[in-house]
Amino acid sequence: MQKVHPRPQANPESLDMLHKLFAEHYDFYLLRARNLLGSLSDAQDIMQTACLKAWNQIERLRTPYACTSWFNRILLNECLYFLRQRSNQRAILKELPPPVPVQPLDVSELSMNRWLLENLLASIEERYRKPLLLAYVYGYSTGQIARILKISTRSVRHRIAYGKAQLKNLYSAP
């Protein structure tokens, strides 16, 4: 757990400026983070992290009048760090095997059921195929899939159910 009390070296004037900044401009910085990240919940998390980091590093603020630009930089760095983390998670998805093409396969090498399933999976939209693969092929839980795809667990359950329904319709189609 991080320490949230100011260190003795902190300039009282800097503490006042930081407190005033948080009180008066929190919504402005939250909006800025949301615009950078694209999600209000992610922006709220990043704002909390940036405020905590600023509070813990207040002794690094040499001049109180530079408080706004100093906090701006902390917030921007936290947003960029978060975006890098998210792109790393997306790289995991890129490592998944590519969808099987719809072209006819050599059925002699594959069992008929596997050939049929691969063609059916290739026929549904990617947004429904990925949760199905992550759940049933790779064994991820709903919560893990939600974190990987950056969607809610409710959306994961919906996409899995809808993907299964699409597979059922394709399978039963003549």
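**Note on salt bridges and helix contacts**

1. Glu126 is partly exposed, with a relative accessible area of 42%; partly exposed lies between buried, under 20% relative accessible area, and exposed, over 50% (1.4 Å probe, protein chains only). The model is predicted, local features require pLDDT of at least 70, side-chain atom pairs count only at pLDDT 80 or more, and totals for chains, interfaces and linings use all residues. Residues are numbered from 1 along each chain as its sequence is written, and side-chain values use heavy atoms, with hydrogens and water left out.

2. Glu126 forms a salt bridge with Lys130, their closest N and O atoms being 2.9 Å apart. A salt bridge here is a side-chain nitrogen of Lys or Arg within 4 Å of a carboxyl oxygen of Asp or Glu. The two residues lie four apart in helix α5 (residues 126-137), separated by about one helical turn; helices are DSSP runs (H or I, at least four residues), numbered from the N terminus. Lys130 is also partly exposed, at 24% relative accessible area.

3. The count of salt bridges is two. In the pair Lys53 and Glu78, the N to O distance is 2.6 Å. This pair links distant parts of the chain, 25 residues apart, with Lys53 in helix α2 (residues 40-56) and Glu78 in helix α3 (residues 67-94). Lys53 is partly exposed at 32% relative accessible area, whereas Glu78 is buried at 9%.

4. The axes of helix α1 (residues 12-37) and α2 come within 9 Å and cross at roughly 150 degrees. Axes are lines fitted to C-alpha atoms, for helices over the stretch in contact, and angles run from 0 to 180 degrees between N-to-C directions. Helix α1 is thus roughly antiparallel to α2; the term applies to angles over 145 degrees, whereas under 35 is roughly parallel, 65 to 115 roughly perpendicular and the rest oblique. Residues in contact (heavy atoms within 4.5 Å) include Phe22, Tyr26 and Tyr29 of α1 and Ile46, Met47 and Trp55 of α2. The contact residues divide into 15 nonpolar, one polar and two charged. Nonpolar covers Ala, Val, Leu, Ile, Met, Phe, Trp, Tyr, Cys and Pro; charged covers Asp, Glu, Lys and Arg; the others, Gly among them, are polar.

5. The axes of α5 and helix α6 (residues 142-149) come within 10 Å and cross at roughly 135 degrees, and the two helices are therefore oblique to each other. Lys130, Pro131, Leu134 and Ala135 of α5 meet Ile145, Ile148 and Leu149 of α6. This contact comprises six nonpolar residues, no polar and one charged.
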